[in-house]
Amino acid sequence: MSKITQALISLLALTLMAGCNQYKPSQTVDLAELNAYFSTEGIEIDSLGADSTELILTNFAGPDLVPSPSCLAVAATGEVYVGVDMIGSLGKTPGKGSIVKLVDNNHDGILDSHTEFAKVDNPRGIIAMGDQVFVLHTVFGADSLAQGMDLVVFEDKDKDGVADGPSKSLITNISTQNQLRSRGTDHSTNGIRMGIDGWIYIAVGDFGFVDAVDREGTKLTMLGGGIVRVRPDGTEMEVYTHGTRNIYDVAIDPFMNIYTRGNTNDGGGWNIRFIHHIQSGEYGYPSLFKHFTDEILPALVDVGGGSGTGSYFMDDSRWPDKYNQVPMMADWGKSQLYIHRVTMDGPSFTQADENFIRLPQITDVDVDGSGTMYLAAWDGAGYRGNPEKGYVVRVVPTNWAYEAYPDLKNASVKELAELVKARNSVTRLDAQQELLKRSTNEASEAVLKVAQDTSLPLDSRVAGIFTYAQLTCSDGIQELIKLTEEDKVREFALRAIADRKGCLDAVPVDLFIAAAKDANPRVQAAAIVGLGRLGDLKASKVLLEFPVPASARIPSKDTEGPHATPNSEIILPHLAVKALVELKAVDATVKAIDSKNYKLALWALRYMHDPKALDGLLAAYEKTDDSAKKAEILSTISRLYQKEAPYDGSWWWGTRPDTHGPYYKAENWEASDRIKNFLLAQANSAEGSQKSIFAVLNDRLRLGIVELGTETAAPAIEEAGIDLESIKNKKGQVGASSIEDVVLAVADLKGDPVLGKSLFVSQGCLACHSIEKGQPLKGPFMGQIGSIMNRDQIVESILKPNASISQGFASIQITTNDGKFYMGFVTAETAQELSIRDIAGNATKLEKKNIKERKELENSMMPAGLANSLSYEELASLVTYLSQQK
């Protein structure tokens, strides 16, 4: 070999070595600006709500134009698009929905004109962006039956206030047909919002969906709820987070933090949870969030009863500081728009919630480019819509003055780049979307300067980064890599680099491996998520190094774990596990069982239903002498005995799903027999107290292996035996009066809650309702009714139970294969059986395989007239007692 050849080889080796060491973890952190953005220092906070002298709230449109408004969106230029939903959440008759466009030409707060923009049924989410209006809604067939839900886009290029033609479908079937037909849209797919990253984020209720299809033909199925995202052209659809219940909307801040207020009030004791969503995160509903909380990302707070609806992140310098830079979350049940003040906590937040604006059954909130806020009020339109109920209001700060909005279509690229620096998120996003239509070279050069300008506020630079990434795809990777050298923006540059799977060809995995060891936990989180998306198994080593914190504890038997308590130290290992599973890193994870950080490896292996994973676990079990480690390996092997069955959309877990976990509808897989034989062999050879370990695993993981035994006795079904017929036929002051007179009378009477408590028993309420946590679930849980209904609504629900059937309390008629009939309401349901309680409070367990027909009836099982024998004072006492249950 010549000296020249040797020299070239040596040079090449040095170059490769230098390349391996090119990216180094940063040892410094710059979170000062982010901390300041979310800080409440110097802000006087009044938890009672907005001061009436600080805001001007006026009626903008009433039920004559926008009855039953389920959602709304405001264009940056100020036009308001209202989703009119005369079907409501439980109705099933099509042809009653539309998008109505409202225009205030001179921005004086008075409506000047309106048009019916488009006909759509069950509108659940709207985005107005330039000439396009994106709508999520239910689609009905020629047979008037629901076909599914679609995300569509309308265009109005001639600006006449009417869609130019039929909509273009972006995603089809993003809710389950069976549930839409049998129940309605109350747990369906809901709100949509666009982030500064250019994705449309979709709030999926726990109906989930089967074979949703985007414009590229990509198919997705989701069991349960979460967030899905898609590009505005209907491509690249993917799951963002999973494990929520019935979220209605998403709020997105300028730094791509996403928040929801979950709608969990269905009468079973479930509460509202305010959640910070981190990409790839699992939030656990329904199978993990009670008994497997060591495996989930917890919510930031449980705020008690309520019914979360529209969401918005306020970012507008024209608003008072105390109402700016905060998530605002509507709650239909509490008729309140809330503020959740978030404070930085590692890769996530802690929060403090407070009242903001009160509005009857508020459904949605949005803001335009001038800082004008619009709110939609359902205001008693019921569960099936009402042509005489509902309206839209306008809100501005007292000292607010309208600023003319720029004409983006006629703006130059330079002018648009200046608007990306605007001091409100609406204008930044609007300018970004216009820039994406311009010359790529010119626009990308302009926004890259914004991203690089260290003198600009961080939110503007983040907007510049994500705009540049969308314009350039793979071609912009090198410039984005340069931005990762700066502590302040590294997190956002990394997120932008790994944001779109079609733009990853030129991305070096070593960049993300180094960032996974960064001093900034937010950078680490972005790097871990990115490593999962890059698909390079080289990442396995660093992912397996994240330690499992002591706080990741399995809840004690028969206790509920902390699913709504912030725990920032669980986030990084959680994301690492998700990335390992996405990478299918079985070999590396099995090998790591022998490492000091074996706990994380075992955590990841719980989800790897792969024969190689089982082989590795069995081998590790045999050679491990550490009894604690051996027990954890045994638990992991046991967990792999079953897996979640594929979801086909033919069923739904209802308002009271089996929350035991770890699977909802388990099924065996190819290695199940091997695992069963292994467990039986170990159980048979165990001595003394060791035998009980297998019964505990059998119960906790619901293995259903009879030979392993059980430590849990089946709960007895209680008998009630109250004669409700005799109660409802008694006549008294209430029974002899009109409902209007009763409502007026009760409103003027204080009532005695002690008397009310005794009436709750004597009038038969206790037969079908639980009032305290820990009591067996019956009809709708009354322990939070005061958080959900006001006094008038409680009176109406007692006197007219059919007017608004409480979720979970609809009458069900069941016919079994042997010809028997049962009528009542379902109190518990698993994949295999259900319990039904009849009018007298008697409960019966039925195996699902023996059910021939199951039909939901139109009327409530609660008889009208149960309060007829009462006086006004007595009914007021009952209502007072119930209203105190919060």
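Helices (H or I, at least four residues) and strands (E, at least two) are DSSP runs, numbered from the N terminus. The model is predicted, so local features need pLDDT of at least 70 and side-chain atom pairs count only at pLDDT 80 or more, whereas totals for chains, interfaces and linings use all residues. Residues are numbered from 1 along each chain as its sequence is written, and side-chain values use heavy atoms, with hydrogens and water left out.

**Exercise 1.** Describe asparagine 122 by its element, its backbone and its accessibility.

Solution. Step one: asparagine 122 belongs to strand S6 (residues 121-129). Step two: its phi is near 50°, a positive value in a residue other than glycine. Step three: buried means under 20% relative accessible area, exposed over 50%, and partly exposed in between (1.4 Å probe, protein chains only). With 1% relative accessibility, asparagine 122 therefore counts as buried.

**Exercise 2.** Determine the surroundings of glutamate 667.

Solution. Glutamate 667 lies in strand S28 (residues 666-668). Its relative accessibility is 29%, so it counts as partly exposed. Contact means heavy atoms within 4.5 Å. Leaving aside residues up to four places away in sequence, glutamate 667 touches Gln642, Lys643, Ala645 and Pro646. Proline 646 is 21 residues from glutamate 667 in sequence, and their C-alpha atoms are 8.9 Å apart.

**Exercise 3.** How many aromatic pairs are found in the whole structure? Classify two of them by geometry.

Solution. Rings of Phe, Tyr and Trp (its six-membered ring) pair if their centres lie within 6.5 Å; planes under 30 degrees apart count as stacked, over 60 as edge-to-face and the rest as tilted. The search finds 23 aromatic pairs. One of them joins tyrosine 81 and phenylalanine 117, edge-to-face, at 5.3 Å centre to centre with 85° between the planes. This pair links distant parts of the chain, 36 residues apart: tyrosine 81 is in strand S3 (residues 80-85) and phenylalanine 117 in strand S5 (residues 113-119). Both tyrosine 81 and phenylalanine 117 are buried. For tyrosine 259 and phenylalanine 274, the ring centres are 5.9 Å apart and the planes stand at 0°, so this pair is stacked. Because tyrosine 259 is in strand S17 (residues 258-261) and phenylalanine 274 in strand S18 (residues 273-277), the pair ties together parts 15 residues apart in sequence. Tyrosine 259 and phenylalanine 274 are buried as well.

**Exercise 4.** Which residues form one aromatic cluster with Tyr259 and Phe274?

Solution. The cluster also includes Tyr37, Phe38, Phe255, Phe313, Phe349 and Phe492.
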